[in-house]
Amino acid sequence: MHTNVNTLFDNLWQNYLAVTPSAVKVHELLGSTQKDDVINDHIALRTFNHEKIGLEKLAAHFLAVGYKECGEYHFEAKKLYAKHYEHTDPKQPKVFISELLVEKCSTELQNIVNEMVANIDESAVTGDNFLYSGTHWQVDADTYKALLAESEYAAWMSAWGYRANHFTVNINELAKFDNIEDVNQALKDAGFALNTSGGKIKGSPAVLLEQSSTLADDFEVEFSDTKMSVPSCFYEFAIRYAKPDGELYTGFVAASADKIFESTNAR
Ligand code: OOG
Ligand code: NI
């Protein structure tokens with residue numbers, strides 16, 4: 001496990017950039033006049049609720065560098081469960097970790113996932129690089145498609161594994177923008193495709209959080225039998241509003257998160 005939070009995020013960022021070429025363009029567009037470039041509100045990771053690599057196993061890496069568990073979220077239809085974590089230093093990005101509830105899925109999916117997970121070396125899970133170690137297995141293109149038919153999330157995991165699936169621009173900290181509509185317009189003008197599931201803007205000032213996101217880049221994956229481009233990772237944009245006590249809301253909104261997951265759907 002890492003002992004330094006900045007090293008952990010630097011590595012997650014480099015690993016994310018390697019399959020998300022549009023992320024650099026997002027920074028150029030939104031952060032170019034700022035000396036500190038873009039501040040990230042949060043990142044997200046995905047896994048399966050398998051004992052060996054469940055969300056608590058991923059969370060342990062963040063607890064080790066000063067994070068605390070905060071909220072939990074349920075996604076019935078997508079068969080997902082998630083928790084979010086915050087650092088004692090509020091300037092560090094929040095972390096959203098979800099897991100697929102595999103036992104709620106078909107036997108076929110369970111068999112595929114069990115085979116993937118069996119390939120993970122137990123000792124790798126606590127290794128420094130686990131959170132940006134990608135896949136520990138190789139599925140064939142038909143297996144990817146079979147997973148996709150049942151769970152886009154499971155298919156994404158089979159192709160990309162352990163890595164940050166998105167970073168999130170903290171709009172509150174941007175110098176050039178002070179609302180999400182203008183951010184979305186600038187992204188549209190620059191040619192980015194946004195996730196429109198549930199509308200371009202998820203949430204509202206009433207729930208203290210508004211979010212939007214790009215659709216994931218398409219990036220080539222080497223499946224066991226062929227190479228194929230599939231959705232990799234995306235960028236999210238979030239603006240937070242103050243609670244009655246005057247402090248910005250720091251949680252997530254399940255109804256919005258449900259739609260953000262769809263940023264890795266095929267275009
Ligand atoms: C996470 C989706 C939820 C948010 O900010 O609500 C989310 C994912 O796609 O893995 O990021
Ligand atoms: Ni997010």
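The legends below accompany several close-up views of this predicted model.

Residues are numbered from 1 along each chain as its sequence is written, while chains are lettered from A and ligands numbered from 1 in the order in which they are written. Because the model is predicted, local features need pLDDT of at least 70 and side-chain atom pairs count only at pLDDT 80 or more, whereas totals for chains, interfaces and linings use all residues.

**View 1. The surroundings of ligand 1.** Around ligand 1 we meet A44, R46, F96, S98, N165, Q211, E236, F252, S256, A257, I260 and F261; a residue is near a molecule if its C-beta atom, placed from the backbone, lies within 6 Å of it. This shell divides into six nonpolar, four polar and two charged residues. Here Ala, Val, Leu, Ile, Met, Phe, Trp, Tyr, Cys and Pro count as nonpolar, Asp, Glu, Lys and Arg as charged, and the others, Gly among them, as polar. At least two shell residues each come from β1 (40–48), β4 (94–100) and α8 (254–260), and α8 gives the largest share, three residues. Helices (H or I, at least four residues) and strands (E, at least two) are DSSP runs, numbered from the N terminus.

**View 2. The sheet, strand by strand.** Eight strands form an open sheet with mixed pairing, in the order β2-β3-β4-β1-β5-β10-β7-β6; two strands pair if DSSP finds at least two bridges between them. At the edges lie β2 and β6 (202–204), each pairing on one side only. Neighbouring strands of this sheet are turned by 25 degrees against each other on average, direction ignored; axes are lines fitted to C-alpha atoms, and angles run from 0 to 180 degrees between N-to-C directions.

View 3. Strands β2 (residues 67–75) and β3 (residues 80–87) run antiparallel and are joined by seven bridges. Look for Y67, whose bridge partner in β3 is H87. Four residues lie between the strands of this hairpin, where K79 takes a positive phi near 60 degrees. On to β4: six bridges join β3 to β4, again in an antiparallel arrangement, and H84 has F96 as its bridge partner in β4.

**View 4. Strand β5 and its neighbours.** Of the five residues of β5 (residues 166–170), four are buried, so this strand is largely enclosed by the rest of the structure. A residue is buried if 20 or more other C-beta atoms lie within 10 Å of its own, and exposed if 12 or fewer do, with C-beta atoms placed from the backbone. β5 pairs with β1 in the antiparallel sense over three bridges, and with β10 in the parallel sense over five bridges. F167 of β5 stands opposite I43, and the bridge partner of F167 in β10 is Y235.

View 5. In α7 (residues 180–189), the buried residues are I180, V183 and L187. They fall within an arc of 60 degrees seen down the axis, so they line one face of the helix; the arc is that of the directions from the helix axis to the C-beta atoms. K188 and D189 are exposed on the face turned away. In α2 (22–31), S22, A23, V26 and L30 are buried. These cover an arc of only 100 degrees, which puts them on the same side of α2, while V24 and E28 are exposed on the other side. The buried residues of α2 pack against α1 (5–17), β5, α7 and β10, with contact taken as C-beta atoms, placed from the backbone, within 7 Å.

Notes:
Two residues are in contact if their C-beta atoms, placed from the backbone, lie within 7 Å.
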